[in-house]
Amino acid sequence: MMRFLRYSFLWFCVATPSLCCAQQKEDWQPITQEDLRIKEVPGDPGAAAIQLYYANYIDDSTQTEFEYRRIKILTEKGKKWADVEIPVRTGLSIKDLKARTIKPDGSIVDFSGKPFEKTILKGHGIKLLVKAFALPDVGVGSIVECKYKQVYESDFTSDNWVIQHNLFTVKEEFTFKPYDGGLRGRYFYEQGARLAWVGRSITKEQQPRMEKNNNAQLELHNVPGFEPEEHMPPEKNYQAAVHFFYINPEIKTTDGYWEFVGKRWYELFERFIGDHKETKQAAMEAIGNESDPEKKLRKLYVRAQQIRNLSYERERSEEERQKEKLKANEGVAEIIKRGYGDKWDVVLAFVGMARAAGFDASVLVVSNREEEFFSKEVLSTRQLDSLIADVKVNGKDVYLDPGTKFCPFWLVRWMSTSTQALKPDKKTPTFISIPAGMVDKAITRRSVNATVDAEGSLKADLVIKFEGTEALERRLAAAQTDEAGRKKEMEDEVKSWLSDTAVVKMLDAQGWEETNEPLSLHFSIEVAGYASSAGKRLVVPSYLFRVKQKDAFAHADRKYPVYFPYAFSEIDSINIAFPADRTMESAPQNQDAGLPFASYRNVTTVQGNHLVTQRVLELNGIYFPVTKYSDVKAFFNKVQAGDEQQAVLHVEGTSSAQKGN
């Protein structure tokens, strides 16, 4: 369906730009004496690094993007910028990558290695795949730079300039070359359409200017760095940026644009779903003799998810598709007959079967808040990149996500919740808000049985059960790699919860291919120096895992809202056996903390020579304005204090006087 829609209606949408102008200078910039002399950031003498130059060229005809960065290392901390990470996205390839180090004396060391792919864990539900490499011979005073071209393999390309970066930037250059006709124009470029843009957090001087060749261009100097905060909404919502799109000459207003889009989508979806005997037959076979409405709908959901979902397989070239006889579906009847389709096809097939079974079912085109929040002012359908279903059951709207592989019946993937969706309609398309997932939709259960020896080393057996969103996100990530890759990813994630000395080995995993069952993982853990000796005492932390939010709430004030991708619950049971010759001198105090949207309870008991901790943390909200920061900070400070409690053990039979030693 996605392929079909690209060629059917994208002409009235954003002609999503791609980057890199052939006319622009893509060679290395000259190294100036001024570059070599710079030793600090203006107004911020302690800054670790400065970006001397940044270029971003977009060419929407060739569907390419050129990006260039030159950064100078000012302190030892700034050497982290020598570790380059380039985001990797589906349908995008990186070409002509070059990088080098310029030493303080002006000598040059070219990067001759090969980038490797790695996954960056960024928090609940967010993982980023990057191409990573380290530049050679980097020291304080060195300049590191890299340049590369991104080639977009589909009609969806980049459509914005990011003007503000995490470093102060001395000079920036931008070009956007709009689409100029040709083959792609037959599908989504209309004669007379003009390039337009919306700026976010930009000044008058940061507005693009239109050149005689119809290119949009911009040159800036001394752009302040963007300073992100832990647990803030996606940075793109606050960084200075420009979003590009094309305006159909017949559409005069923002509301008019979305009304036009909604009506056009309605026509396309209705024609695609149709009313076919194949759809009715598939629905009746799936339902059987079931009469309960919800149970009937569940069976239809299962049937829809049995369709081979090509969106979760590797991207294939047109030649490969022909060889494998994979054709673009032009209707639900073809999806049922062929048994395959992309994620949009799966949703549309589900809606078609639900209607055939007598349900009032609609298609919703939903926005994605993973990287940026939806804005009606940006006239781009690229913001609405997923389909979900809206089905009336006993008079209530039930939102379902059959197009997401492994997604249970009762769940919508987190980035499609707490956001806007367009409901196409023949007469009056409308925007609706998709409700947030509650705390019971994302649960992590951890059970630990551990021993601590007299030297303070810990050995533990850890069983984790991920449920709902927590399971879904890990299953989707695992589907993109092999068994060894998923094993490493999970071991790395567990290591991130523990001290730096931890050794983690995954022993078993159950449920990678399930939909409704928990994902169950089994690990062995060893942590040298987990407990510390103090004279005759052994000091043992009662809670094994690190406090994830520790650094996020260290500051008294905050500039940006506090944000979590989704509500979540952590339920932990930790049993630590200590040496039999040790006696408890002091045990952690029970902890309780609560807010209208969050709760925390940590109870530790001593059972013989076992320290048993039961801990529950629930966060039933995702977005907290700055005015609520003091409440959120106080809550997580209590969580941190409770989690960092320690038990003090002493050698059994030690006298009171000896205890003081």
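Helices H5 and H9 are roughly perpendicular to each other (a label for angles of 65 to 115 degrees, where under 35 is roughly parallel, over 145 roughly antiparallel and the rest oblique). This is a predicted model, in which local features need pLDDT of at least 70 and side-chain atom pairs count only at pLDDT 80 or more, while totals for chains, interfaces and linings use all residues. Residues are numbered from 1 along each chain as its sequence is written, and side-chain values use heavy atoms, with hydrogens and water left out.

**Helix packing around H9**

- H5 (residues 277–287) packs on H9 at about 75°, with the axes 8 Å apart; axes are lines fitted to C-alpha atoms, for helices over the stretch in contact, and angles run from 0 to 180 degrees between N-to-C directions.
- Helices (H or I, at least four residues) and strands (E, at least two) are DSSP runs, numbered from the N terminus.
- On the H5 side, Thr279, Lys280, Ala282, Ala283 and Met284 make the contact, and on the H9 side Gly352, Met353 and Ala356 do, where contact means heavy atoms within 4.5 Å.
- The residues of this H5 and H9 contact split into five nonpolar, two polar and one charged; Ala, Val, Leu, Ile, Met, Phe, Trp, Tyr, Cys and Pro count as nonpolar, Asp, Glu, Lys and Arg as charged, and the others, Gly among them, as polar.
- H4 (residues 254–273) also packs with H9 (residues 343–356), here at about 70° with axes 10 Å apart, and that makes H4 roughly perpendicular to H9.
- The H4 and H9 contact brings Phe269, Glu270, Phe272 and Ile273 of H4 to Trp344, Asp345, Leu348, Val351, Gly352 and Arg355 of H9.
- Six nonpolar, one polar and three charged residues make up the contact of H4 with H9.

**Aromatic pairs**

- Rings of Phe, Tyr and Trp (its six-membered ring) pair if their centres lie within 6.5 Å; planes under 30 degrees apart count as stacked, over 60 as edge-to-face and the rest as tilted.
- The count by this rule is 30 aromatic pairs.
- Trp161 and Phe244 have ring centres 4.8 Å apart and planes at 75°, so they form an edge-to-face pair.
- That pair links distant parts of the chain, 83 residues apart: Trp161 is in strand E9 (residues 160–162) and Phe244 in strand E14 (residues 241–247).
- Trp161 is buried at 0% relative accessible area, and Phe244 is also buried at 0%; buried means under 20%, exposed over 50% and partly exposed in between (1.4 Å probe, protein chains only).
- Phe553 and Phe636 are stacked, because their ring centres are 4.9 Å apart and their planes lie at 5°.
- Phe553 sits in the loop between strand E27 (537–541) and strand E28 (562–563), and Phe636 in helix H12 (residues 629–643), so this pair ties together parts that are 83 residues apart in sequence.
- Both Phe553 and Phe636 are buried.
- Ring pairs also join Tyr54, Trp161, Phe174, Phe176, Trp197 and Phe244 into a cluster.

**Backbone spots to look at**

- Most residues other than glycine have a negative phi.
- Asn222 has a positive phi, near 55°; Asn222 lies in strand E13 (residues 216–223) and is partly exposed at 46% relative accessible area.
- His231 has a positive phi too, near 50°; His231 is in the loop between E13 and E14 and is partly exposed at 22%.

- Pro565, in the loop between E28 and strand E29 (568–577), is buried at 9% relative accessible area.
- The C-alpha atoms of Pro565 and Trp414 are separated by 7.1 Å, although the two residues are 151 residues apart along the chain.
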